[in-house]
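Trainee: I have a chain open and would like to go through it. Can you walk me through it?

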Amino acid sequence: MNQGGQHKATLLYLKLLKLCRAHDFTDVVLVHEYRSVSDGLIISHLPFGPTAYVWFTQCGKYVTRHDIKDKKAMRTMPEAYPHLILNNFKTKLGERTVNILKHLFPVPKPDTKRIITFANQSDYISFRHHIYEKSGGHKSIELKEIGPRFELRLYQVKLGTVDQSEAQVEWVIRPYMNTSKKRKFLGD
């Protein structure tokens with residue numbers, strides 16, 4: 001992106017966050033795209049932060065809701081607040097990531113059948129979206145994927161919001177950090 005494009009994006013962020021704060025929004029999720037392909041997310045908790053920067057990885061390939069084969073199982077998109085499954089976020093950075101992700105969603109009702117999973121494996125976060133049905137009693141549960149499905153990689157956490165250029169960087173991935181096979185930043 002050239003200097004003019006960065007300046008326009010910064011002004012847009014400022015206006016957007018001012019509007020969100022005025023209407024008491026709790027979080028803002030900005031989707032970044034390059035040549036009509038989504039390649040990253042910025043998740044900013046309002047009013048003071050933190051902000052997480054993640055990119056979509058190519059290893060898992062983004063699968064939209066329309067790409068899923070079983071159209072009958074999908075039906076319409078449920079509007080109920082989902083239950084969250086947050087798996088394998090065991091380090092301090094992993095716990096911070098869990099706090100950022102879980103505050104995106106309101107508390108669900110106990111009887112909702114919608115599930116969103118964020119599963120960490122080797123610092124790659126898999127996003128899955130399912131509904132479940134009890135087909136044969138209490139011990140038989142059937143999961144049906146309703147999409148989308150994608151993989152994320154956290155690359156930066158700032159203590160402020162996206163419009164605060166002076167915000168302190170809490171964590172950032174650096175060159176050669178991912179060459180250490182035994183070191184995991186989010187969990188096992």
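Trainee: How much of the chain is buried?
Mentor: Of the 188 residues in the chain, 38% are buried, meaning under 20% relative accessible area with a 1.4 Å probe and protein chains only, with exposed over 50% and partly exposed in between. This is a predicted model, where local features need pLDDT of at least 70, side-chain atom pairs count only at pLDDT 80 or more, and totals for chains, interfaces and linings use all residues. Residues are numbered from 1 along each chain as its sequence is written, and side-chain values use heavy atoms, with hydrogens and water left out.

Trainee: What is the order of the elements from the N terminus?
Mentor: α-β-β-β-α-β-α-β-β-β-β-β. That comes to three helices and nine strands, taken as DSSP runs numbered from the N terminus (helices H or I, at least four residues; strands E, at least two).

Trainee: Which residues are buried in helix 3?
Mentor: In helix 3, residues 92-102, they are Leu93, Gly94, Thr97, Val98, Ile100 and Leu101. They sit on the same side of the helix, because they cover an arc of only 165 degrees around the axis; the arc is that of the directions from the helix axis to the C-beta atoms.

Trainee: New topic. Where is threonine 51, and is it buried or exposed?
Mentor: Threonine 51 is in strand 3, residues 51-56. It counts as buried because its relative accessibility is 0%.

Trainee: What does the side chain of threonine 51 make a polar contact with?
Mentor: The side chain of serine 44, at 2.9 Å. A polar contact is a pair of N or O atoms within 3.5 Å; within protein, one must be able to donate a hydrogen and the other to accept it, and residues adjacent in sequence count only if both atoms are side-chain atoms. A polar atom of the threonine 51 side chain also lies 2.6 Å from the backbone oxygen of glycine 160.

Trainee: How many aromatic pairs are there?
Mentor: Six in the whole structure, where rings of Phe, Tyr and Trp (its six-membered ring) pair if their centres lie within 6.5 Å, and planes under 30 degrees apart are stacked, over 60 edge-to-face and the rest tilted. One of them is phenylalanine 56 with phenylalanine 150, edge-to-face at 5.1 Å centre to centre and 85 degrees between the planes. Phenylalanine 56 lies in strand 3 and phenylalanine 150 in strand 8, so the pair ties together parts 94 residues apart in sequence.

Trainee: Which residues form the aromatic cluster?
Mentor: Phe56, Phe105, Phe118, Phe127 and Phe150.
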